[in-house]
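This report describes selected features of a structure, one group at a time. Please keep the sequence and the 3D view open while reading.

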Amino acid sequence: MTPATANAVATFPAPDLAGFLASIRGALPAECILACEDQTRAYECDGLPLFRELPPVVVLPEDEPQLIAVLNACRAHHVPIVPRGAGTSLSGGATPHPQGVVIGMAKFNRILGLDPERAIAIVQPGVRNLAISEAAAPHGLYYAPDPSSQIACSIGGNVAENAGGVHCLKYGLTVHNVLGLRIVTIEGEVLELGGEAPDAPGLNLLPFFVGSEGMLGMVTAVTVKLLPRPELARVIMASFASVEQAGEAVTRVIAAGVIPAGLELMDQRAVRLVEPFVHAGYDLDAAAILLCESDGTAEEVAGETSRVAAIMAAAGAIRVQVSASEEERLRFWAGRKNAFAAAGRISPDYYCMDGTIPRRHLARVLGAIADMEKTHGLACSNVFHAGDGNLHPLILFDANEPDEVERARAFGAAVLELCVEVGGTITGEHGVGIEKVDQMCFQFSRAELDAFAAAKRAFDPYGLLNPLKVIPTLARCAEYGRMHVHRGELSFPNIPRF
Amino acid sequence: MESVLSGLSEQVAAARAAGHRLVIRGGGTRLFYGDPLPEDDSCAWLDMSTYRGIVDYEPAELVLTARAGTPLAEVEAVLDGAGQMLAFEPPRFGPGDTLGGCMATALAGPRRMAAGPVSDYILGTRLMRADGEVMRFGGEVMKNVAGYDVSRLLVGSMGVLGPLVEVSLKVVPRPRSEITLALALDEAEALRSCTRWRSRPMPVSATAWLPDGSGGRLNVRLSGNESAVHAGAAEIGGELLEPEKADAFWLSLRDQAHGFFRQRPLWRVMLPPGAPPLGSGRELHEWQGCLRWLGGTHDPAALRAKVRELGGWASLYHRDGALAASPAFHPLAPAVMRVQRRLKQQLDPGGLFNPRRLYPEF
């Protein structure tokens, strides 16, 4: 289940784990070093249990000096490092290395400062996403990015993955809401990237570091921007007889100059999957349902919802309903927010994909996915961040059935390649991790992959930070290319792509 | 256009083979910014202005893709036609302004504080490396975390990592309503007000404070839905400026055509929100007090030490005689400089592109 392991371990000098353990014993309290299987078993996988690897050692540093001691010891003893936040990655970003150490950042769990007037908070990386908004709430402020896992995921993990959420069309991704980072490099040096003042000098390292999946350094503090909580939010629920019409409605809303706070589409299969569990009142006969949230002052929301409702109706909606209360708004969202949980209830396993496509290709892509259901013999339901083109197909399978895991993975890979073919990307917000290393060969040319590797060397000349993730080796792409039509052949500079 | 691009690739590859270095140039309107070019003749120009044109623009996708040499004016005219705009209000210095130059310098106008930095709006780039091969990073979609975000790294890179060939940008709808209010406030009062508004749900899209005979004047622009703009105006108070006068004022700041910008040398100082007055007596504030333009002669080391203590940085924006050879940008912490130099060495191993433009060490 960990195909990356075989060809990449050999590229590192043999790690000396015994030497590593001996050198950190004095630097960390004994209870922060986990080396027996009953302690480390809990770290064998993250939110993508398709990939598992028992880590030989897990360390849980409590502060920056301890972290620096661990990194120095890793460098001295050639020990690969897998950083870990709350372990909610959906791409195997925190899948352990078979001969490495997992550095868990859970003990970095303090909010270091919150300045309500300047609307800025400084937090340690282990602080949960939702905890920032909870701390800011008494001041009428919140932290905007809200990935579905926000109750559990940590801000450090959000930085590593550039996490999004359902409100990012209007409020941006993690990268748009982080002002500064304090990081420790593999060389044990502390770097401040960005800061509270705008436009830090030099190369723009802050947004480059965000989304780098733990491969460039370890975060020890995050400075985030807080926003005033909108006075009111309402959601419009509209049903459509075809996916095309729903897509057209989205196009018209945005063309009218409206940037909704949230804009989500569920296909019929997803609607039928969730409705029995959440009783949101979704139209089971609709081919697609749109949820469009409007927020702001009462006047703003009233104006925007009436404009959007009219656009939906003109685009052919068969039913349009505006939430009349906060309770109803939450109920409309409940189905969307629980789509994954509902999949888990009706199917023994599910595999959540994360491609992004230009929105204009939505109907074509959903049609092709329906065909793939037949080819791979598995069902798939689709939820879609319609505003920003991020598609989450949920492939339902049963890991106990012979070859269903392989079929699910093949189905997923085919979906991602389709996303690239229509001008999109293999991952919108979950990250490449260990899961999509092969598909990187499909999306990027060798020159582009080499540039990623070169940039990593600038931060991590020893290749120790989260190796095996994100950047495929030449050999791996060659193997992958033998099985697939390779976009690399199309990526000569002077040929238009599509 | 493909033959233009292959011509540029050949020029780059030939320069590398001949051991020449290249200075990337669009319309040449931003050459004043950054460290001076080497004075010897080891550098040749790489003229990107011929590689131009909008490649793709779908207003409903909120994405525009254009070649680096496309005039900024052309991009903004096309967006305006669809009721959209660049969120960061980039300055225009002349008809030669190109999109590539705009991205490489990352200079932004009055709307920057509300909109975020230029790099917030870049979705994808094509970058030419030293052998002439073009690499593509990011794409034309809003959410994309495949590989490192090289596109955002290139914004503000002053071309030291290579020439941008093409960029894809997120664009935004023009606000439905916009008004400007003028308030008579001294510097400290203006700064306090700007800071206070940060945590208020008001659509402040620009602020500018200027000293005048009686203390000073703060202009505040509100942009958004009519109801939010009016609610904000009621909270802020002050005198409503006529729209034509207001537009002319913000344009004069955006394009740095206001008389204040004629001072030499001119410093561009960035500070955290809430930072106190610098006490120089000759300042113009934008961005809710986070951008301070400073005229007059200041000792670079002393000014930078003071600004750093407040959590900011200072660049020498327009130089003159005495400071002609002084580095433009705020010095980096040694550990940060080490990583930045390694990035330059890794991505442009032969040091082919834009020597010294960002730092003398590059």
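This is a predicted model: local features need pLDDT of at least 70, side-chain atom pairs count only at pLDDT 80 or more; totals for chains, interfaces and linings use all residues.

In chain B, the charged end of B:Arg25 is placed over the ring of B:Trp45, at 5.1 Å from the ring's centre.

**Aromatic pairs**

Searching the whole structure gives 18 aromatic pairs over all chains.

| Pair | Centre to centre | Angle of planes | Arrangement |
|---|---|---|---|
| B:Phe32 and B:Phe93 | 5.5 Å | 85° | edge-to-face |
| B:Phe32 and B:Tyr317 | 5.3 Å | 75° | edge-to-face |

Why does the pair of B:Phe32 and B:Tyr317 tie together parts that are 285 residues apart in sequence? B:Phe32 lies in the loop between β1 and β2 of chain B, whereas B:Tyr317 is in strand β17, residues 313–318 of chain B. The pair with B:Phe93 ties together parts 61 residues apart in sequence, because B:Phe93 lies in the loop between β5 (84–85) and α3 (99–105) of chain B and B:Phe32 in the loop between β1 (21–25) and β2 (43–47).

B:Tyr317 is buried, at 0% relative accessibility. These three residues belong to one aromatic cluster, whose members also include B:Tyr33, B:Trp293 and B:Phe362.

**Nonpolar cores**

In soluble globular proteins, nonpolar side chains tend to be buried together. In this model the largest nonpolar core has 176 residues, and A:Leu181, A:Met312 and B:Met103 touch the most other members. Beyond its neighbours within four places in sequence, A:Leu181 is in contact with residues including A:Val159, A:Leu191, A:Leu206, A:Phe209 and A:Val222. Another core, of 25 residues, lies apart from the largest one, and among its residues are A:Cys74, A:Val184, A:Leu464 and A:Leu465.

**Domains**

How is chain A divided? Chain A has domain 1 (3–104), domain 2 (111–228), domain 3 (232–341) and domain 4 (344–481). The C-alpha centres of domain 1 and domain 3 of chain A are 44 Å apart.

Chain B is divided into domain 1, made up of 2–174 + 341–347, and domain 2, 177–323. The C-alpha centres of domain 1 and domain 2 of chain B lie 27 Å apart. To the contact between them, domain 1 of chain B gives 19 residues and domain 2 of chain B gives 20 residues.

**A histidine in chain A**

A:His376 lies in helix α15 of chain A, residues 362–376. Its relative accessible area is 16%, so A:His376 is buried, the cut-off for buried being under 20%. Leaving aside neighbours within four places in sequence, A:His376 is in contact with A:Arg407, A:Ala410, A:Phe411 and A:Ala414.

**Confidence in chain A**

The average pLDDT of chain A is 91, and 94% of the residues score at least 70. Where is the pLDDT below 50? One such stretch is residues 1–10 of chain A, with 24 contacts in the model beyond near neighbours in sequence. Another is residues 485–498 of chain A, where pLDDT stays under 50 and the model has 27 contacts beyond four places in sequence.

How values were computed. Residues are numbered from 1 along each chain as its sequence is written. Chains are lettered from A and ligands numbered from 1 in the order in which they are written. Side-chain values use heavy atoms; hydrogens and water are left out. Rings of Phe, Tyr and Trp (its six-membered ring) pair if their centres lie within 6.5 Å; planes under 30 degrees apart count as stacked, over 60 as edge-to-face and the rest as tilted. Helices (H or I, at least four residues) and strands (E, at least two) are DSSP runs, numbered from the N terminus. Buried means under 20% relative accessible area, exposed over 50%, partly exposed in between (1.4 Å probe, protein chains only). A charge sits over a ring if NZ of Lys or CZ of Arg is within 6 Å of the ring centre and within 35 degrees of the ring normal. Domain bounds come from an automatic or database domain assignment. A nonpolar core is a set of buried Ala, Val, Leu, Ile, Met, Phe, Trp, Tyr and Cys residues joined through side-chain atoms within 4.5 Å. Contact means heavy atoms within 4.5 Å. pLDDT is the predictor's confidence in each residue, from 0 to 100.
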